[in-house]
Amino acid sequence: MRLPEHIAVIPDGNRRWAESRGMSKEKGYRPGLAPGIVLFKLCQEAGIKEITFYGFTTDNTKRPPKQRRAFTQACIEAVEILSKEDAALLVIGNSDSPMFPAALLPFRTRQVFGRGGMKVNFLVNYGWEWDLNHIKGGGPGKKNVLNHVKSSDISMVDLIIRWGGRRRLSGFLPVQSIYADFYVIDDYWPDFKPDHFFQALKWYNEQEITLGG
């Protein structure tokens, strides 16, 4: 099977999941922690080299304070959990903003835990405009653009998997995602099943990769 080297995850549907169970929207974030660690371990076992999780965006910070606190805390806990695994962790986002959690400041440069291994990236208080605002510093070279975005330590993405049924990128890593295959799962993120991952890999294996050629 042809495997993607870099998988990106858009874990959407937390609020809709909570509402469908009669809970307030902010209650949907913490149940997304367990799926994240399960997916991390599945990627480890499969030999995936890099995984990027979409934590929250600068636009998400406009949500009501209860929701904002809940998804921020979920991101902090997710990073803390993964820091106990064999992983090379990096958190990318606008850390000059008060919306960036202070607990994650040490992760702005990649930190290796345990035996290292798979690269794990978290986008926290991330905005595509923030990421691209120095792009004019690039030159005409074919592969120069990636070197001039703030997320330059994140490699090109092969496969994006989005839970929750939405068919949009929502500003996710516009440079790295330019040739990524995009697989959508209708189930909400807290309803994650390992078979979602295996079906995405099977689908990816069936795609013809041309990179425009």
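1. Contact here means heavy atoms within 4.5 Å. The model is predicted. Leaving aside neighbours within four places in sequence, Ser 83 is in contact with Leu 89 and Phe 113. Ser 83 sits in the loop between α3 and β3 (87-92).

2. Is Ser 83 buried or exposed? Its relative accessible area is 19%. The cut-off for buried is under 20%, so Ser 83 counts as buried. A polar atom of the Ser 83 side chain lies 2.6 Å from the backbone oxygen of Glu 80.

3. Now the overall fold. The chain has 5 helices and 7 strands. Along the sequence the pattern reads β-α-α-β-α-β-β-β-α-β-β-α. The radius of gyration is 17 Å, close to the 17 Å that the globule rule gives for 213 residues, so the chain is as compact as a globular protein of that length. Taken along the principal axes, the C-alpha atoms fill a box of roughly 50 × 40 × 35 Å.

4. Burial and contact range come next. Of the 213 residues in the chain, 47% are buried. Among contacts with a separation of 6 or more, 68% join residues 24 or more positions apart.

5. Which residues touch the most other members of the largest nonpolar core? They are Ile 7, Leu 39, Val 120 and Phe 122, in a core of 42 residues. Helix α3 (residues 65-82) gives the largest share of this core, 8 residues.

6. Not counting residues up to four places away in sequence, Leu 39 touches Val 9, Ile 51, Phe 53, Trp 163, Trp 189, Phe 192 and Phe 197.

7. On to the aromatic rings. The model holds 12 aromatic pairs. In one of them, Trp 163 and Phe 192, the ring centres are 5.7 Å apart and the planes meet at 50°, so the pair is tilted. This pair links distant parts of the chain, 29 residues apart. Trp 163 belongs to strand β6 (residues 159-163). Phe 192 is in the loop between β7 (181-185) and α5 (194-205). Both Trp 163 and Phe 192 are buried, and both are touched by Leu 39.

8. Tyr 54, Tyr 126, Trp 130 and Phe 172 form one aromatic cluster. Arg 2 lies over the face of Tyr 204, at 4.2 Å from the ring centre.

Notes:
Residues numbered from 1 in each chain as written. Predicted model: local features only at pLDDT ≥ 70, side-chain atom pairs only at ≥ 80, totals over all residues. Heavy atoms only, no water. Phe/Tyr/Trp six-rings, centres within 6.5 Å; stacked < 30°, edge-to-face > 60°. Helix = DSSP H or I, 4+ residues; strand = E, 2+ residues; numbered from the N terminus. Buried < 20%, exposed > 50% of the residue type's maximum accessible area, 1.4 Å probe, protein only. Lys NZ or Arg CZ within 6 Å of the ring centre and 35° of its normal. Core = buried A, V, L, I, M, F, W, Y, C linked by side-chain atoms within 4.5 Å. Polar contact = N/O pair within 3.5 Å; in protein donor to acceptor, adjacent residues only side chain to side chain. Rg over C-alpha atoms; globule rule 2.2 N^0.38 Å.
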